[in-house]
Amino acid sequence: MRLFSTNDCGCTVLCLLALGFGLPLGAQVPLSVDRIAEVEVSDSIQRDWQTAAAERAQESGLASVAETIYRGLLGRADTLSAAQMTSLRLGLAKALIGQGRFAAARSELESIAQAQRDSRQGLYLAISIYGEGRGRIDLEGFRRALGAVSVEALPVEDQAWYSFAEALDAESRGEVDAAQEAFSRAAAKAGSERLRWHFESLALRQEVVSGPTDESMLPELSARLRSLEGESAAFPFVREYAVLLHRLGRINEAVGAIDRELANTSAGYGAQQREQLRLLKALILGADSVTGRAALKELIRTGQSRDAMGIALQLLARAPGQDEDLFEFLKVIISRTEPHPLLGQMYYLRSQLALRLPNDAEMVALAERDARTLLEQFPGLSSITNVYRLLAFAALNREPPQYRAAADFLVQLRDQMEQPGDLIGLNQLIGDCYFLNGDFANAVDFYSVARSRQLSSDAGSALFMRLVTAQVRSGALDAAMQLIDAVDFVGTINEEDRWRAEWNVAQALQMAGLIEPALRRVRLLLDEKTSGLVDTLLDIRLRWLEAYLSLEAGEVEGLSARISRLLARLESLPEGALGEASFRLLLTEIRLLRGNALIRSGEASLGIEELKSLREAFVETAAAQRSYLIEAAYHGEAGAYDAAQETLLALVERYPASRLAAQALYEAALYCERRGADFFPAAIILQNDLAEQYPQDPLYYHARLKQGNLLRSMNDFTGAQIVYENLINQFPAHELRYLAELSRADCLLALAGNEATELVDAIAQLERLLDLPNLSIDFQAEASYKWAFALARAEESAKAKEVLSLSVARLLDPEQTQTLGPSGRYWMARSMLRLGELLEAEQLTEESRKMYREMIHYNLPGRHIAIARLDRLMELD
């Protein structure tokens, strides 16, 4: 039995400790592993939300924002599978393409393992190769990459990109009509103005940076321009002339040629042609340069063509490292009195940026205001459904996160959707919000609705893990096991996810004290010979868990040898096979388990030697810290309380900042107390050390309670009373306040003696105690007895009899009697014996006999006294 778990200080056990009941101090080490599947699911939810945010940013044109998110996710590579890494790399490559950083995109794409490459990788690689080429495109590599793409295998949103790549291919072959047709297909499939503008900006950028660089063409183009001066027919030659100058590196001349044409008021250009020239000028200057961005901003401020301004806005948004500059520019334009034609897009962009820039409450509130403005003033915006996601994401970015508010926004979005795939995804997202909020029952409901529809294998697998974990966390273990068994029977999940789910269930069963069922499920899983189908790390973790549960079940024969074989397997793996952090964690956990197994199997000296070796080799690990608890437990079970105390204090001295330090001090004080009354003062000092060194620890309250109890054991009732009163005043709303109140009443009773006037406070306090809500039945039994005891001392026997009668009548209710614990049965027995005495004193012999018979019937402590009293009453008759 554990003293208590460091993760969940169970109220029942702590109440018993505070009341002074002795508990065995063996097996104090909680099941402690690395990030168990439950935690992994929370991480998976957060990762999915971040990925969705990156995708929304990419769709909005904020490619640099998307890049930042993807790089952040990839920075946690040790938590990602190969498939997840590939998906994030593809997203990052797409974001880099959106910024025109084709070489960086190509590098990311070529780093993807051959086995993980798919049609998306081929498509993005083709576009990257083409964009990287500038004047010398690797057409062979471009066409090879594009040829490997299966259009049917591409997600819908990427099919427009494929048409765009086809247009580039046709253009490179000189097939003008085919290129134009493919560009038109890309624009038609784009699905939004933003994506169409993005394609047009990419095409324009390609025109500027790629193509012939024949300087001999300049004189002919210049002559054409002079001959067409003042005519609209000069427009294509101006473009070609400026582009050629740019390709030759003569930037100032290119910009000068455009400026001359724009300044020529007699030129017959229309507004659209002029704005095309202004766009071209900005691209030649560079959309990420100060002058280029200034040109784009001026076009957005003063332009007339919606398309030209939209392309300019996309170029501004996609320039890397300029998010704050864009945010300030949008703020200025949005605040203008005259509404801008792109005002809706600007609100949407600004709300996205507000959530990604330094994230304080003011920025989150701005994002929410912009999103609500979009809903109210721009209901026809093509991205309006994403606004609900924006609001949900903003709610999640609040401090603390507002998960229920996020779920409400997603429910509103779901109500507008009709496609089954959209409904599945939204129900999952709503379930995620409830999961992160700790409302696992509601999470189960939404996950179940999502899972009830036909899902792809990947989506079904992710949802399966969420659902199982939510069921486990909500206490629906039977439902979780039935789900695992059902999906395993039909084969709809992969082995790795099934193993993770079984890990989760086994953990929950173990925490519920159901060691045998947990061990049985784990062994059945390992006996299926499917370990070759799962990740090595997961396989070793499950085998560690099987060994741990075997130890908990007391099956120690041959266990240390089995653990040694598992350790040898781990150490034989190639360097880096599991990642340094995972390898180190498993190595220390397995060694810790082996030391414990050796101790429990009777080889204590070898076990303790293993624990000490672990501490020296891996000083800063959690396993090293917990090794002190295992060793102390061994000494405690052997009755060597001094050695147990010394071991625990060594932990505190070596790891004063550890989350286990307060626990170690508390247990050291308990062992010190067990050494006998002579050591009570030392135990009090240890409890005081805990309170002073760890005032924020949950054990603070219990340490002070224990101090008071020890002082009472030493007959220092005045000192104990002060301790309890300080606790009551310091923590008026503490869930265990009633214990301090009762203990204070005990002090008052002891100090009052038989002086009726001194008993008034104790009587009043005990009466008030029983008016508190949600008191356990055991506590009610104790408080009632002590209240009656105080009344009897104050010579209020009639009132004492009334209190005892009511208490016994309530506790003898069959439903109540079934719930009495050991302490409740003890105090109920004392109440019945005392009530029997009072009844006898009033010559109510039959009623007293009935009371004693009830004690015997319920087999309460002291039944032999009840039997003796019945015999005595019979003799008197």
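**Terms and their grounds**

Guide: Let us begin with R654, which is partly exposed at a relative accessible area of 33%. The model is a predicted one, in which local features need pLDDT of at least 70, side-chain atom pairs count only at pLDDT 80 or more, and totals for chains, interfaces and linings use all residues. Residues are numbered from 1 along each chain as its sequence is written, and side-chain values use heavy atoms, with hydrogens and water left out.

Visitor: Why is R654 called partly exposed?

Guide: The term is set by relative accessible area: buried is under 20%, exposed is over 50%, and partly exposed is in between (1.4 Å probe, protein chains only). R654 has 33%, so the residue counts as partly exposed.

Visitor: What makes R654 and E616 a salt bridge?

Guide: The term requires a side-chain nitrogen of Lys or Arg within 4 Å of a carboxyl oxygen of Asp or Glu. The closest N and O atoms of R654 and E616 are 3.3 Å apart, so the pair qualifies. R654 belongs to helix α33 (residues 641–654) and E616 to helix α31 (residues 604–617), so the bridge ties together parts that are 38 residues apart in sequence. A helix here is a DSSP run of H or I with at least four residues, numbered from the N terminus. E616 itself, at 55% relative accessibility, is exposed.

Visitor: How many salt bridges does a search of the whole structure find?

Guide: It finds 50. One of them joins E166 and R185, whose closest N and O atoms are 2.8 Å apart. E166 is in helix α8 (residues 156–172) and R185 in helix α9 (residues 176–189), and they are 19 residues apart. Both residues are partly exposed: E166 has a relative accessible area of 27%, and R185 has 30%.

Visitor: What makes a set of residues a nonpolar core, and which members of the largest one touch the most others?

Guide: Such a core is a set of buried Ala, Val, Leu, Ile, Met, Phe, Trp, Tyr and Cys residues joined through side-chain atoms within 4.5 Å. The largest has 201 residues, and W49, L123, L279, L410 and F464 touch the most other members. Helix α28 (residues 536–552) gives the most to this core, with 10 residues. A second, separate core of 88 residues includes A683, V723, A792 and L820.

Visitor: Why are α33 and α34 called roughly antiparallel?

Guide: Axes are lines fitted to C-alpha atoms, for helices over the stretch in contact, and angles run from 0 to 180 degrees between N-to-C directions. Angles under 35 degrees count as roughly parallel, over 145 as roughly antiparallel, 65 to 115 as roughly perpendicular, and the rest as oblique. Helix α33 and helix α34 (residues 661–674) pack at about 160°, with their axes 8 Å apart. That angle makes α33 roughly antiparallel to α34. Contact means heavy atoms within 4.5 Å, and among the residues that meet are L648 and L649 in α33 and A664 and L665 in α34.

Visitor: By the same rule, what are α38 and α40 to each other?

Guide: Helix α38 (residues 737–752) and α40 pack at an angle of about 20°, with their axes 11 Å apart. The angle makes α38 roughly parallel to α40. Residues that meet there include L739 and L742 in α38 and F779 and A783 in α40.

Visitor: What makes N774 count as exposed?

Guide: N774 has a relative accessible area of 79%, so the residue is exposed. N774 lies in the loop between α39 (760–769) and α40 (777–793). Its phi is near 60°, a positive value in a residue other than glycine.

Note on methods:
Helix = DSSP H or I, 4+ residues; strand = E, 2+ residues; numbered from the N terminus.
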